[in-house]
Amino acid sequence: MTLQEWIRFLEVNSPRILELTIEHTMLVALAIIVALLIGVPLGIYLTTNEYLAGIVLQVASIILTIPSIALFGVMIPLFSLINQGIGYVPAFVALVLYSQLPIIRNTYTAIKNVNPEMRDAAIGVGMKTHQRLLRVEIPNALPVIMAGIRTAVVLNIGIGTIAAYIGAGGLGVLITQGIGRGDNYLIISGSLAVALLALFADGILLMIQKRYTRSNA
């Protein structure tokens, strides 16, 4: 295996790698969007219910400790009941579940740690609960919430490679085919593409986070 041979391999297979990268990105992006729609409101609500917060965070922690291949395996018989045992649907649901802990925990922690004086000032000027949440608490908590989103995105980009084993496509296809064929070019290309995608996504989110932090400094 030489660098020149690998470059030639990339030249021939770049359209397929690009197609799988887009497929991988769409799977992760849609899972993160749904996870945000669930996790952020839930994290906010948990700040009003400490007992439920402990239960939800514990359940989310347990889900995150389940090996990805095991969770995908559990999804197969469950979704077979609706003829979706393999493919996009079980992979999508698994990624949404894996995203919950960093999103819920960071949202909950960020809202709870908003400066009490700022909250009291908002109450003092007559803001209602939803106004205080939208104008004071969420803007001040957003950098920490964004950190949780970044964690969830990078985590899911990595875990998404395992989804290829249940027919969900993405960059994991290159890695699984490379392992099956003993093809180092496929393995390295797939692994490098996943790493670069994770770095790119994290970099974009980090820039958004820093820009927001500066605007509120």
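Buried residues have under 20% relative accessible area, exposed residues over 50%, and partly exposed residues lie in between (1.4 Å probe, protein chains only). Ile 38 therefore counts as partly exposed, at 40% relative accessibility. The model is predicted: local features need pLDDT of at least 70, side-chain atom pairs count only at pLDDT 80 or more, and totals for chains, interfaces and linings use all residues. Residues are numbered from 1 along each chain as its sequence is written, and side-chain values use heavy atoms, without hydrogens and water.

Ile 38 sits in helix 1; helices are DSSP runs (H or I, at least four residues), numbered from the N terminus. Ile 38 belongs to a nonpolar surface patch that also includes Leu 18, Leu 37 and Tyr 88. Nonpolar side chains (Val, Leu, Ile, Met, Phe, Trp, Tyr) are joined within 5 Å. The patch exposes about 770 Å² of accessible area, by the Shrake-Rupley method with a 1.4 Å probe. Helix 1 (residues 3–46) contributes the most, seven residues.

The largest nonpolar core has 48 residues. Such a core is a set of buried Ala, Val, Leu, Ile, Met, Phe, Trp, Tyr and Cys residues joined through side-chain atoms within 4.5 Å. Phe 72, Ala 91, Val 153, Ile 157 and Leu 171 touch the most other members. Helix 1 gives the largest share, 10 residues. Beyond neighbours within four places in sequence, Phe 72 is in contact (heavy atoms within 4.5 Å) with residues including Pro 90, Ala 94 and Ile 166.

Key
Patches are made of residues with over 30% relative accessible area and no salt bridge: like charges are joined within 9 Å, nonpolar side chains (Val, Leu, Ile, Met, Phe, Trp, Tyr) within 5 Å. A salt bridge is a side-chain nitrogen of Lys or Arg within 4 Å of a carboxyl oxygen of Asp or Glu. Helices (H or I, at least four residues) and strands (E, at least two) are DSSP runs, numbered from the N terminus.
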